[in-house]
Amino acid sequence: MFNLPNILTLVRILVIPFIIFFYYLPYHWAHPVTAAIFIVACITDWLDGYLARILQLSTRFGAFLDPVADKVMVSIILILVVGEPQFQFISFSRTVWTVPSFIMTLPAAIIVSREIIVSALREWMAEIGSRTSIAVSHLGKIKTTIQMVALAFLLYCDASTQASVVITGYIFLYLAAVLTIWSMMIYLKTAWPMMRE
């Protein structure tokens with residue numbers, strides 16, 4: 001059960017307290033370090049699946065743990081960035097701009113809600129023996145990649161961050177939210193005939 005891919009997945013869960021710790025440190029290097037830890041965790045997300053396939057080390061424990069690790073990490077990081085009362089950044093003219101918190105709350109709420117809905121849908125499909133009908137799609141993988149890029153940018157941001165970095169993070173986050181809704185609708189469309197029975 002504790003093979004290399006599963007250990008990498010466990011490491012991804014174990015670094016979450018370090019992400020929280022470094023994010024709240026009152027130093028100028030704290031947010032870049034937090035973003036770096038998160039990026040390493042994202043690399044393990046790709047690496048554990050790759051190693052499980054090429055080394056033929058796929059296990060039921062790993063199939064359960066991998067999506068749990070992803071969802072827990074993404075949810076906690078969304079809480080971190082939404083928990084900031086207001087995002088501030090420096091514009092190109094060196095003016096400090098404040099971003100209202102609801103601009104961050106909206107895509108975060110969409111992403112978390114989608115994960116709850118799709119997880120419940122998969123559980124229900126498994127109960128009726130149709131779990132494979134809603135396996136992870138290619139669009140879902142693209143959504144996850146864009147989501148991770150967005151969160152890396154937003155973890156990096158603090159009050160001294162240039163406008164271009166902050167705006168890039170917001171663009172990726174809203175794009176991830178749009179793809180989140182799109183992929184959820186695909187899953188619901190697949191399951192709808194069975195729901196109507």
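A crossing of two helices is called left-handed if the near helix is turned anticlockwise from the far one by less than a right angle. In this predicted model, such a left-handed crossing is made where α5 passes α7.

**Helices α5 and α7**
- The axes of α5, which spans residues 102–127, and of α7, which spans residues 163–196, come within 9 Å and cross at roughly 25°.
- Angles under 35 degrees count as roughly parallel, and α5 and α7 are therefore roughly parallel to each other.
- Sorted by class, the residues in the contact of α5 with α7 comprise 22 nonpolar, two polar and two charged ones.

**Nonpolar cores**
- The largest nonpolar core has 32 residues, of which I19, F38, M73 and L173 touch the most other members.
- At least two residues of this core come from each of α2 (16–23), α3 (30–54), α4 (60–83), α5, α6 (138–156) and α7.
- Leaving aside residues up to four places away in sequence, I19 touches T34, I37, F38, M73, I77 and L80.
- Another core, of seven residues, lies apart from the largest one, and its members include L121, M184, Y187 and A191.

**Q56 in the α3–α4 loop**
- Most residues other than glycine have a negative phi.
- Q56, although not a glycine, has a positive phi of about 55°, and its place is in the loop between α3 and α4.
- Because its relative accessibility is 72%, and exposed means over 50%, Q56 counts as exposed.

Definitions and conventions. Residues numbered from 1 in each chain as written. Predicted model: local features only at pLDDT ≥ 70, side-chain atom pairs only at ≥ 80, totals over all residues. Heavy atoms only, no water. Axes fitted to C-alpha atoms, helices over the stretch in contact; angles between N-to-C directions. Helix = DSSP H or I, 4+ residues; strand = E, 2+ residues; numbered from the N terminus. Parallel < 35°, antiparallel > 145°, perpendicular 65-115°, else oblique. Nonpolar A, V, L, I, M, F, W, Y, C, P; charged D, E, K, R; others polar. Core = buried A, V, L, I, M, F, W, Y, C linked by side-chain atoms within 4.5 Å. Buried < 20%, exposed > 50% of the residue type's maximum accessible area, 1.4 Å probe, protein only. Contact = heavy atoms within 4.5 Å.
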